[in-house]
Amino acid sequence: MPPPTEPFATRDVQPRIAYFTFHLRGVEDGADPQSACGSAPKRWTVLRGPGGAVFRCGSTDFRPHVRLEAWSGEPPAPPGDWDTVDTVEFRLYDSGIVRIEEWDGRPAGDPVDLGGPGAYGLRAASRGREAARLRHAAGETHFHGAEEWLLQLWPR
């Protein structure tokens, strides 16, 4: 029986959302997950790009709660009710270090060392996107919460 997988690092952050997005980026040359937005389908929640992924929120000008979990192997499905759950794969070429960044590249919290270059799975679960959209539509900006994300990473 294989050993159970377990998280070896977690980060809880509240990135500032602009243009409805935040991203996970490898801290290395050539990592540019935002470049995937140029050819994105009309409706999307998670896009894989070079060295990471981009996440589309339900609103802009606010701070969602984002939890990043780095796992030793593929984790179980996230517990609880989620509005969306998407899984993508991305590759890191120079290092295994990633961080959550705001749209303009500012770090949102400390980086996480995944253990080296290679292919990684990413499961992104979100909820509260409609609540965030409604708060923004009512004229509220710069609020915290309303929308939550769980990002689970593991080596492939």
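**View A. F22, F55 and W149 come together as one aromatic cluster.** This is a predicted model, where local features need pLDDT of at least 70, side-chain atom pairs count only at pLDDT 80 or more, and totals for chains, interfaces and linings use all residues. Residues are numbered from 1 along each chain as its sequence is written, and side-chain values use heavy atoms, with hydrogens and water left out. Rings here are those of Phe, Tyr and Trp (its six-membered ring), and they pair if their centres lie within 6.5 Å; planes under 30 degrees apart are stacked, over 60 edge-to-face, and the rest tilted. The structure holds 6 aromatic pairs.

**View B. Y19 and W103 make a tilted aromatic pair.** Their centres sit 4.4 Å apart, with 45 degrees between the planes. Y19 is in the loop between β1 (7-13) and β2 (21-26), and W103 is in the loop between β7 (97-102) and β8 (112-113), so the pair ties together parts 84 residues apart in sequence. Strands are DSSP runs (E, at least two residues), numbered from the N terminus. Y19 is exposed at 58% relative accessible area, while W103 is partly exposed at 36% (buried is under 20%, exposed over 50%, partly exposed in between; 1.4 Å probe, protein chains only).

**View C. Two arginines lie over ring faces.** R56 sits over F20, 5.0 Å from the ring centre, and R127 over W82, at 3.8 Å. The cut-offs: NZ of Lys or CZ of Arg within 6 Å of the ring centre and within 35 degrees of the ring normal.

**View D. S59 is a buried loop residue.** S59 lies between β4 (52-56) and β5 (63-71), at 2% relative accessibility. Leaving aside neighbours within four places in sequence, S59 is in contact (heavy atoms within 4.5 Å) with I17, F20, A132, R133, H136 and E147.

Definitions and conventions
Helices (H or I, at least four residues) and strands (E, at least two) are DSSP runs, numbered from the N terminus.
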